[in-house]
Amino acid sequence: MTRRLGFAIDTTACTGCKACQTACKDRHNLPVGVLWRRVYEVSGGGWRRDGAAWRHDVWAYSLSISCNHCDEPVCLEVCPASAYDRGENGLVRHDPDKCLGCGNCAWACPYGAPQLDTARRVMTKCGLCAEDLAAGRPPACVAACPLRAIEYGDIEELAVRFGPPEIEPLPDPGLTTPSLRVRAHRDAGRARATGGRVRNREEVGE
Amino acid sequence: MKGDWSLVSFTVLGQAAVGASWGLAASWALLAARADREIAGTATAWGLATVPVLAALAIAVSLFHLGRPVRAWRAVANLRVSWLSREVLAAGVFFVASAAVVLVPGPGRAPFLALAGVAGAVLVVTMARTYRMRTVPAWDSWTTGAFFLQSALASGGAVTALVLALRSPHEQAGLAQVCATAVGALALVAGPLLFSRWRRTLARHDGAAHETADRLSRDHARVRARWVGAIMAVALLLAAPVLAAPWRVAALAAAVTLAFTAELLGRILFYRARVRTGL
């Protein structure tokens, strides 16, 4: 059976330090405004009355997301220029030399993975550091995480230790079948029930 | 909305060209059957010449949203799976067929008229499929296709009515003009009504669809302006037949302008509904 590589994110360990985001940007020399890996800060809650007292139930967690090399990649379906293809180990690759810069992939991807390089005027995205993998090194984001909150590997093996990617603000995994597993933060259920919000959309360039 | 103006213009102009080609082809066929082919040719010649011009303008303006317009030829490289590739091909075939209608004289133009009509229908369908992304709930419904068809009929009806008034002194053109006016007027009113229904449907859902409804309900100015434009265009279309000749043409020209404006406003609202599910 063919291996399908993907990421696993441990949101119980992630502190939102953004070392992964920075390491990715540094490794691929990404221009200002382009973040192949982004750390979203999700929070909610507030003050609530409990009898005569007021208590707060504020909660927050961080979620690091890049391209999830989906099994049903919508970017590949909508790209008119055939700039996307499936590579070895199920990786979704993007060839900037074929890209028109139409942005259709960016509209379609529910993870915000394809990003416009405004200087080159083409889309770019995470390739799971395929050159590093070939050289026997881990992806830059995985290597940089001080808390080992990001892992990579065969998605079936990761599925043994991590759950499905059903955590706010991620979309229904049935849409694109992402190669992503998540260990859910203890407040993930509250986020789903009360509608947690991403607080740093501007910071991650949305 | 950054960069969206070129796609707003491309879709509205492209659909207007398709609608005009349908209206003028139908008028040509009607006149050829009721009068003769010469009268049919004279009455529709000027209008048929505007169709490839509109199509060319639409295609040209669409290049402005590309980061790399010089690679635009690659847009047909993924016909196997991408609806956008198919849309680009359909736009090209429609342009060539509608240009052939103008260039080929006499009876030889009939097959090209039919080809342009079919290619136009394919263009509207592929446009709708392109926008029906499963990750954009507001667009992923039958209403996207209905909006595009309605826009083609509204603009096309108005343009056909104007063309027939300009170049057709023949009585036989009366029926074609009545049909074009009726189709244009109905489609113009259907646009804002369909939009209201769409917005109410989105509001009943949660997540991205609900956020879309919120966003659209805050855009009162454009929604009202579209209603005003559509109603004024319909009033002018309906009033034109009872006016004296020079005033009739002026009224129809104003109706076409207002119809285009109403459709542009509707399309801007459609693009504002691009709220993706997820991140």
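This is a predicted model: local features need pLDDT of at least 70, side-chain atom pairs count only at pLDDT 80 or more; totals for chains, interfaces and linings use all residues.

Chain A has both helices and strands, 7 of the former and 12 of the latter, while chain B has 9 helices and 0 strands.

**Chain A overall**
- With its 7 helices and 12 strands, chain A has a radius of gyration of 18 Å, close to the 17 Å that the globule rule gives for 206 residues, so chain A is as compact as a globular protein of that length.
- Laid along its principal axes, the C-alpha atoms of chain A fill a box of roughly 65 × 35 × 30 Å.
- Buried residues come to 45% of the 206 in chain A.
- If you take the contacts in chain A with a separation of 6 or more, 62% of them are between residues 24 or more positions apart.

**A sheet in chain A**
- Three strands of chain A make an open sheet in the order S5-S2-S12, and the pairing is antiparallel.
- The edges are strand S5 (59-65) and strand S12 (197-198) of chain A, each of which pairs on one side only.
- Strand S2 of chain A, residues 38-44, is joined to S12(A) by 2 bridges, and these two strands run antiparallel.
- For a spot to look at, find A:Ser43, which stands opposite A:Arg197 in S12(A).

**Chain B overall**
- Reading from the N terminus, the elements of chain B go α-α-α-α-α-α-α-α-α.
- The radius of gyration of chain B is 19 Å, close to the 19 Å from the globule rule for 279 residues, so chain B is as compact as a globular protein of that length.
- The C-alpha trace of chain B spans about 60 × 40 × 25 Å along its principal axes.
- Of the 279 residues in chain B, 51% are buried.
- Among chain B contacts between residues at least 6 apart in sequence, 77% link residues at least 24 apart.

**The nonpolar core**
- The largest nonpolar core holds 149 residues.
- Those with the most contacts inside this core are A:Cys75, B:Phe94, B:Ala158, B:Ala233, B:Ala255 and B:Ala259.
- Leaving aside residues up to four places away in sequence, B:Ala158 touches B:Gly184, B:Ala233, B:Leu237, B:Ala255, B:Val256 and B:Ala259.

**Where the chains meet**
- Here, 24 residues of chain B are in contact with 26 residues of chain A.
- On the chain B side that touches chain A, you'll find 10 nonpolar, 8 polar and 6 charged residues.

Conventions
Residues are numbered from 1 along each chain as its sequence is written. Chains are lettered from A and ligands numbered from 1 in the order in which they are written. Two residues are in contact if their C-beta atoms, placed from the backbone, lie within 7 Å. Ala, Val, Leu, Ile, Met, Phe, Trp, Tyr, Cys and Pro count as nonpolar, Asp, Glu, Lys and Arg as charged, and the others, Gly among them, as polar. Helices (H or I, at least four residues) and strands (E, at least two) are DSSP runs, numbered from the N terminus. The radius of gyration is taken over C-alpha atoms; the globule rule is 2.2 Å times the number of residues to the power 0.38. A residue is buried if 20 or more other C-beta atoms lie within 10 Å of its own, exposed if 12 or fewer, and partly exposed in between; C-beta atoms are placed from the backbone. A nonpolar core is a set of buried Ala, Val, Leu, Ile, Met, Phe, Trp, Tyr and Cys residues joined through C-beta atoms within 7 Å. Two strands pair if DSSP finds at least two bridges between them.
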